[in-house]
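Please open the model in a viewer and keep the selection panel at hand.

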Amino acid sequence: MGGSYGSTLRYKSIERMKPIGKHSLIGASGEISDFQEVLRYLDELTLQDSMCDDGNSLGPKEIHNYLSCVMYNRRNKFNPLWNSFVLAGVKKKPGLDKSETYLGLVNMIGVNFEDDHVATGFGNHLARPILRDEWREDLSFEEGVRLLEKCMRVLLYRDRSAVNKLQIANITEKGVTISQPYSLKIFWGFSAFQNSTAAHKFWFLSDGQEISLQIDFSRRYFLSYSLHPRITHPTTLTHLFSVLSDSIV
């Protein structure tokens, strides 16, 4: 729920989820201004749909397809909207009593897919492995909330610019319910948090030569390093530092 001004976390209670029409819900990460622009597009789309007055209304799949075209079009103009969107919804199929659930994602260059669980940003790397292990189709609402809170807590501990506020949305045949913002319960007593510069990692190259690094986890950079005297090949060092940088971000 944070909104940053440069590197400053200026706003801490910005809502990033909105109901769209009767059957859909959108969640956004990225630029707030671009999200507001997309909401304006969607307001115009739903207004035109309601003016048709044909007894039908846009569902989450149609809105997802529309957003995929918008994002891909802006990307092709080299003026992308800096957002990733999650579309969720529930809608009855014509002639069927059973409702169809939908969950999809589209990113800033128009890449889109639907799945049982999706995530944006760091969540693709850190939250989805947890969801793959613990998600199941028969989760209750309370179990789903606990699982989402676990994922958000993992992400919060690894992003110094994050804020520990979140909202939970629930969409059913009856409509969309979005909770009030609330704070996650967190624990900062871990040893790495208390003495962040004391941690060392030792890495071994393929030929058995050793490199030692001292890492400041709170600021995400290398404080010092020592190399084996025989490690002099620049390509090997560049590759190694690239791997290490990716591993601690």
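Which residues of the largest nonpolar core touch the most other members? Select I26, L42, L67 and F85: these four hold that position in a core of 17 residues. A nonpolar core here is a set of buried Ala, Val, Leu, Ile, Met, Phe, Trp, Tyr and Cys residues joined through side-chain atoms within 4.5 Å. Buried denotes under 20% relative accessible area, exposed over 50%, and partly exposed in between, with a 1.4 Å probe and protein chains only.

Before continuing, note that this is a predicted model, in which local features need pLDDT of at least 70 and side-chain atom pairs count only at pLDDT 80 or more, whereas totals for chains, interfaces and linings use all residues. Residues are numbered from 1 along each chain as its sequence is written, and side-chain values use heavy atoms, with hydrogens and water left out.

Helices (H or I, at least four residues) and strands (E, at least two) are DSSP runs numbered from the N terminus. Helix α1 supplies the largest share of this core, 6 residues.

Next, centre on I26 and display its contacts (heavy atoms within 4.5 Å). Leaving aside residues up to four places away in sequence, I26 touches R16, M17, K18, I20, F35, L39, L42, L67, F85, V86 and L87.

Now select helix α5, residues 141–157. Its 17 residues reach 25 Å from the first C-alpha to the last, close to the 24 Å expected at 1.5 Å a residue; the expected span is 1.5 Å times one less than the number of residues. Within α5, the buried residues are G144, V145, L147, E149, C151, L155, L156 and Y157.

The charged pairs come next. How many salt bridges does the structure hold? There are 6, each defined as a side-chain nitrogen of Lys or Arg within 4 Å of a carboxyl oxygen of Asp or Glu. Select R136, which pairs with D138 at 2.8 Å, N to O, and with E143, where the closest N and O atoms are 2.9 Å apart. D138 counts as exposed because its relative accessibility is 56%, while R136 is partly exposed at 37% and E143 is partly exposed at 25%.

Salt bridges that share partners also join E37, R40 and E44 into one network. Select R40 and E44: their closest N and O atoms are 3.1 Å apart, and both residues lie in α1, 4 residues apart, about one turn of the helix. E44 is partly exposed at 40% relative accessibility, as is R40 at 41%.

Finally, turn to the surface and select I109, V111 and F113. These residues form a nonpolar patch with about 220 Å² of accessible area together. Patches comprise residues with over 30% relative accessible area and no salt bridge; like charges are joined within 9 Å, and nonpolar side chains (Val, Leu, Ile, Met, Phe, Trp, Tyr) within 5 Å. Accessible areas come from the Shrake-Rupley method with a 1.4 Å probe, and for residues only the protein chains shown count as cover. V111 sits in the loop between β6 (99–106) and β7 (112–114) and, at 43% relative accessibility, is partly exposed.
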